Amino acid sequence: MCQAKASFLVGEELTMGTRGVIGMPRVTNADIADVLDRLADLLELDNADQFRLRSYRRAAETVRGYPEELANLHAQRKLTTVPGIGKSLAEKIAEYLDTGQIGYLEELRAKYPEGVVEMLNIPGFGPRSAARVFQELHISSIAELEQAARAGRLRTLPGFGAKTEERLLHNIELYLQASERGLLADVLPVAKGLLAKLRALPEVAQAEIAGSVRRRRETVGDLDLLVTSEQPARVCEA
């Protein structure tokens, strides 16, 4: 089952910002925060400097809860007025707002498949371990990692033993039980139905699907709905 999360920008109109071209989706603060978090995930796999990692994580947290749309700030050339957003981060955010992607992020994605990044969600399985099994055993998904652990293949790596494999299998099971991810094909009709009901509410100024459904990920962990309203409490109640 997916949990619905609603984000409210109270008393403000959602604007198209710098990507207001017909047919192109508007980029929300939540979208930008997701991209910054993904950059941090990939940098962690790449054994990047901890200071850089923390700056990306903090920036993502700030952007996700920022009261003003960064798309609007970018149009005014004011991205660096956001706390924690320096020149380098502002350039990456501007690139994402203008083009829909970040070149640096695409470079890192080319090195580490999505399944390798997902391994970081397994309790006790850090970025160094994920990078090692990918680089040395060519394991690129949690399913492959589970198969390798059951076959005893991980113990060929220094620091991995039978007990490590046993503990990893237990933690993979915990993660899979907790994640309860659904297929996009199953979740999308539900998302569209909820969106239609939200848009029909008189208290709602505008509503959009966000998160992994909007990005058309193959699996979905939760359903994010972004809503603008001057009466958020009534929308939540509805």
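At what angle do helix H1 and helix H2 pack, and how far apart are their axes? The angle is about 165 degrees, and the axes lie 8 Å apart. This is a predicted model. The protein has twelve helices and five strands. Of its 238 residues, 42% are buried. Among contacts between residues at least 6 apart in sequence, 59% join residues at least 24 apart.

**H1 against H2**

- H1 covers residues 29-45, and H2 covers residues 50-64.
- Angles over 145 degrees count as roughly antiparallel, so H1 is roughly antiparallel to H2.
- The crossing of these two helices is left-handed.
- On the H1 side, the contact is made by Asn 29, Ala 30, Ile 32, Ala 33, Asp 34, Leu 36, Asp 37, Leu 39, Ala 40, Asp 41, Leu 43 and Glu 44.
- On the H2 side, the partners are Arg 52, Leu 53, Tyr 56, Arg 57, Ala 59, Ala 60, Val 63 and Arg 64.
- By class, this contact holds twelve nonpolar, one polar and seven charged residues.

- Arg 64 sits in helix H2.
- Its relative accessible area is 40%, so Arg 64 is partly exposed.
- Beyond its neighbours within four places in sequence, Arg 64 touches Ala 30, Ala 33, Asp 34 and Asp 37.
- Arg 64 and Asp 34 are 30 residues apart along the chain, and their C-alpha atoms are separated by 8.3 Å.

**H1 against H4**

- Helix H4 spans residues 87-99.
- H1 and H4 pack at about 125 degrees, with axes 11 Å apart.
- That angle makes H1 oblique to H4.
- The crossing is right-handed.
- Asp 31, Ile 32, Val 35, Leu 36 and Leu 39 of H1 meet Leu 89, Lys 92, Ile 93, Tyr 96 and Leu 97 of H4.
- The residues of this contact are eight nonpolar, no polar and two charged.

**H1 against H5**

- Helix H5 runs over residues 103-111.
- The axes of H1 and H5 come within 10 Å and cross at roughly 45 degrees.
- The two helices are therefore oblique to each other.
- H1 passes H5 in a left-handed crossing.
- H1 contributes Val 35, Arg 38, Leu 39, Leu 42 and Leu 43 to the contact.
- H5 contributes Tyr 104, Leu 105, Leu 108 and Arg 109.
- Seven of the contact residues are nonpolar, none is polar and two are charged.
- Leu 39 of H1 takes part in the contacts with H2, H4 and H5.

**Nonpolar cores**

- In soluble globular proteins, nonpolar side chains tend to be buried together.
- The largest nonpolar core here has 55 residues.
- Which members of that core touch the most other members? They are Met 119, Leu 145 and Leu 154.
- H1 supplies the largest share of this core, nine residues.
- Leaving aside neighbours within four places in sequence, Leu 145 contacts Met 119, Ile 122, Phe 125, Val 133, Ile 139, Leu 154, Leu 168 and Ile 172.
- A second, separate core has 15 residues, including Val 187, Ala 207, Ile 209 and Val 227.

- Arg 77 is not a glycine, yet its phi is positive, at about 60 degrees.
- Arg 77 lies in the loop between helix H3 (70-75) and H4.
- Its relative accessibility is 79%, so Arg 77 counts as exposed.
- His 138 also has a positive phi, near 60 degrees, and is a residue other than glycine.
- His 138 is in the loop between helix H7 (127-137) and helix H8 (142-150).
- Is His 138 buried or exposed? His 138 is exposed, with a relative accessible area of 63%.

**Leu 176**

- Leu 176 belongs to helix H9, residues 162-179.
- Leu 176 counts as partly exposed because its relative accessibility is 42%.
- Leu 176 and Asn 121 are 55 residues apart in sequence.
- Their C-alpha atoms are 9.7 Å apart in space.

How values were computed. Residues numbered from 1 in each chain as written. Predicted model: local features only at pLDDT ≥ 70, side-chain atom pairs only at ≥ 80, totals over all residues. Heavy atoms only, no water. Axes fitted to C-alpha atoms, helices over the stretch in contact; angles between N-to-C directions. Helix = DSSP H or I, 4+ residues; strand = E, 2+ residues; numbered from the N terminus. Parallel < 35°, antiparallel > 145°, perpendicular 65-115°, else oblique. Left-handed = near helix turned anticlockwise from the far one by under 90°. Contact = heavy atoms within 4.5 Å. Nonpolar A, V, L, I, M, F, W, Y, C, P; charged D, E, K, R; others polar. Core = buried A, V, L, I, M, F, W, Y, C linked by side-chain atoms within 4.5 Å. Buried < 20%, exposed > 50% of the residue type's maximum accessible area, 1.4 Å probe, protein only.
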